[in-house]
Amino acid sequence: MHTCQRLLIIVLLTIFHINYSNLYAKDAKKWNFNLSVGGEFNKGNVNNIGLKSNAEIERNDSLLSFNSRCKFIYQKEDDEETNKGIDAGIKLDLFQYNRWSPFWATEFVTNKYKGYDYLISALTGVKLKIYQRQDTCDYSISAAFVFDNVDYTPDQSELDDKNYRISIRPKIKQRIGQVLTIKQLFFYQPSILNFSDFNLKSLTNLDCKISNHFFISLSFDYDYRSKTPTEEYKNNDFATEIALKVKF
């Protein structure tokens, strides 16, 4: 069993152990679980086609929105490892249906092929709801303060291991008909210490409903870093993924 598979099992068992009794006994309809597995095409610092698995837990009510996610990547070609990483995070929104909603989040990324032994981000900010209709659409924009703590893979990197950023994030979520939902997120994150140091990220996701619990998911992710750990790393990373998703 690969290391990533073992980590996936540990994380899922931990999450279910902490929350299982309360989830179904008290607030079953407020919690959602998503599991997916699929294929991914990468271009940039990683160039290959491989498998990816993802687990996500969500809770939504008038007071609190909670999201916990963990994505595992492990890919080999000709018995040689070509990609390995974890992308995990937790986010809490307070009064999510109000016009203004404060939130807190933390994220963890590790992928030596993109130059990170680890990247830990902590952020807090506020979301402005532009327009929302339950189960139909959600348009919003948010602003946050971000603290990054990074351990870069190359020892010769001249980048600081700590950084402070501003994050601006518009979001569009729209259901089309009865089976298709489109979600688009865009992040602009300049460093407060040096505005020429900035990150751009675009996340596009299409979910096509097959049944009450099964979906076909198609996603397009784009990452741009104006500064990389060394010149050996590329500024752009692209990922296209198609997966079977189970929601319950």
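This is a predicted model: local features need pLDDT of at least 70, side-chain atom pairs count only at pLDDT 80 or more; totals for chains, interfaces and linings use all residues.
Modeller: The nonpolar patch gets its largest share, three residues, from β8. Residues are numbered from 1 along each chain as its sequence is written, and side-chain values use heavy atoms, with hydrogens and water left out.

Biologist: Which residues form the nonpolar patch on the surface?

Modeller: Ile130, Tyr131, Ile141, Phe145, Tyr164, Ile166, Ile168, Phe186, Tyr188, Ile192, Leu193 and Phe195, with about 1100 Å² of accessible area together. Areas come from Shrake-Rupley with a 1.4 Å probe, and for residues only the protein chains shown count as cover. To join a patch, a residue needs over 30% relative accessible area and no salt bridge; nonpolar side chains (Val, Leu, Ile, Met, Phe, Trp, Tyr) are joined within 5 Å, like charges within 9 Å. At least two residues each come from β6 (116-133), β7, β8 and β9. Strands are DSSP runs of E, at least two residues, and helices are runs of H or I, at least four, numbered from the N terminus.

Biologist: What is the relative accessible area of phenylalanine 186, and what is that called?

Modeller: Phe186 sits in strand β9. Its value is 36%, so it's partly exposed, given that buried means under 20%, exposed over 50%, and partly exposed in between (1.4 Å probe, protein chains only).

Biologist: And what makes the largest nonpolar core?

Modeller: Five residues: Phe103, Ala105, Leu123, Ala144 and Val146. Those giving two or more residues to it are β5 (100-111) and β7 (137-152). A core, by the rule, is a set of buried Ala, Val, Leu, Ile, Met, Phe, Trp, Tyr and Cys residues joined through side-chain atoms within 4.5 Å. For Val146, setting aside neighbours within four places in sequence, the contacts (heavy atoms within 4.5 Å) are Ser121, Ala122, Leu123, Asn163, Tyr164, Arg165 and Ser167.

Biologist: How far apart are the closest N and O atoms of lysine 171 and aspartate 138?

Modeller: They're 3.4 Å apart. Lys171 is in strand β8 (residues 162-176) and Asp138 in strand β7, 33 residues apart. The rule wants a side-chain nitrogen of Lys or Arg within 4 Å of a carboxyl oxygen of Asp or Glu, so the pair is a salt bridge. The whole structure has nine of them.

Biologist: Why does lysine 171 count as buried? And aspartate 138?

Modeller: Lys171 has 16% relative accessibility, under the buried limit, so the label holds. Asp138, at 11%, is therefore buried too.

Biologist: What ties aspartate 197 and arginine 165 together?

Modeller: Their side chains meet in a salt bridge, 3.1 Å from N to O. Asp197 is in the loop between β9 (180-190) and β10 (198-209) and Arg165 in strand β8, so parts 32 residues apart in sequence are tied together. Both residues are buried.

Biologist: How do you know that lysine 201 forms a salt bridge with aspartate 223?

Modeller: The closest N and O atoms are 3.9 Å apart, so the pair passes the distance test. Lys201 is in strand β10 and Asp223 in strand β11 (residues 214-225), 22 residues apart. Lys201 has 30% relative accessible area, so partly exposed, and Asp223, at 23%, is partly exposed as well. Elsewhere, shared partners join Arg69, Asp87 and Glu107 into one salt-bridge network.

Biologist: How many aromatic pairs are there?

Modeller: Eight. In one, Phe145 and Tyr164 have centres 6.1 Å apart and 25° between planes. Rings of Phe, Tyr and Trp (its six-membered ring) pair within 6.5 Å between centres, and planes under 30 degrees apart count as stacked, over 60 as edge-to-face, the rest as tilted, so this pair is stacked. Phe145 is in strand β7 and Tyr164 in strand β8, 19 residues apart.

Biologist: Why is the pair of tyrosine 188 and phenylalanine 198 called tilted?

Modeller: The centres are 6.1 Å apart and the planes meet at 55°, so the pair is neither stacked nor edge-to-face and gets the tilted label. Tyr188 is in strand β9 and Phe198 in strand β10, ten residues apart.
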